[in-house]
Amino acid sequence: MPTFDYQNSANTARQLIQKFGNTVSVKSTESTFDPATGTTVDVETVGHAQAVILPATKARIQALGVRFAEQGSLIQEVIAFAYMDGLSLPFEPRPSMSLTAADGTLWYIMGVTPLYDQTGGAVMYSVALRS
């Protein structure tokens, strides 16, 4: 019985994202408490990755609408999805982070689904975005 070639599939996914995507910036802001000064300091980390940003389908918006209905109306927001190269980003994206597209559009990450290879490394991320 043939075995599945994870490495070949990961390489193909990455090549497609590299070919059809653009460089995006993902920003993480973490608050840390400085006991010496008694203040909270925000530390920003910015990572860059290749990503393909696509408009959301009606089915995906409806699925999100059930999960995020409590957070406000999605009707007034633009929803998109990105397929992001998992090897080029120095940290794992997560909700509360922001993403700036190559054209300058600012997106907020609503959810992330990683696709892991057999060693546990993220090959790519499917990222739900809102304006």
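This report describes the nonpolar cores and the salt bridges of a predicted model.

## Basis

In this predicted model, local features need pLDDT of at least 70 and side-chain atom pairs count only at pLDDT 80 or more, while totals for chains, interfaces and linings use all residues. Residues are numbered from 1 along each chain as its sequence is written, and side-chain values use heavy atoms, with hydrogens and water left out.

## Nonpolar cores

A nonpolar core is a set of buried Ala, Val, Leu, Ile, Met, Phe, Trp, Tyr and Cys residues joined through side-chain atoms within 4.5 Å. Buried means under 20% relative accessible area, exposed over 50%, and partly exposed in between (1.4 Å probe, protein chains only). The largest nonpolar core has 18 residues, of which V26, M84, L99, V127 and L129 touch the most other members. Two or more residues come from each of β1 (22-34), β2 (39-55), β3 (79-85), β5 (106-116) and β6 (122-130). Strands are DSSP runs of E with at least two residues; helices are runs of H or I with at least four, and both are numbered from the N terminus. The largest share of this core, 4 residues, comes from β6.

Apart from this core lies another, of 5 residues, including F81 and A128.

## Salt bridges

The structure holds 3 salt bridges (a side-chain nitrogen of Lys or Arg within 4 Å of a carboxyl oxygen of Asp or Glu). One joins D85 and R14 at 2.7 Å, N to O. D85 lies in strand β3 and R14 in helix α1 (residues 6-20), so the pair ties together parts 71 residues apart in sequence. D85 is buried, at 0% relative accessible area, whereas R14 is partly exposed at 31%.
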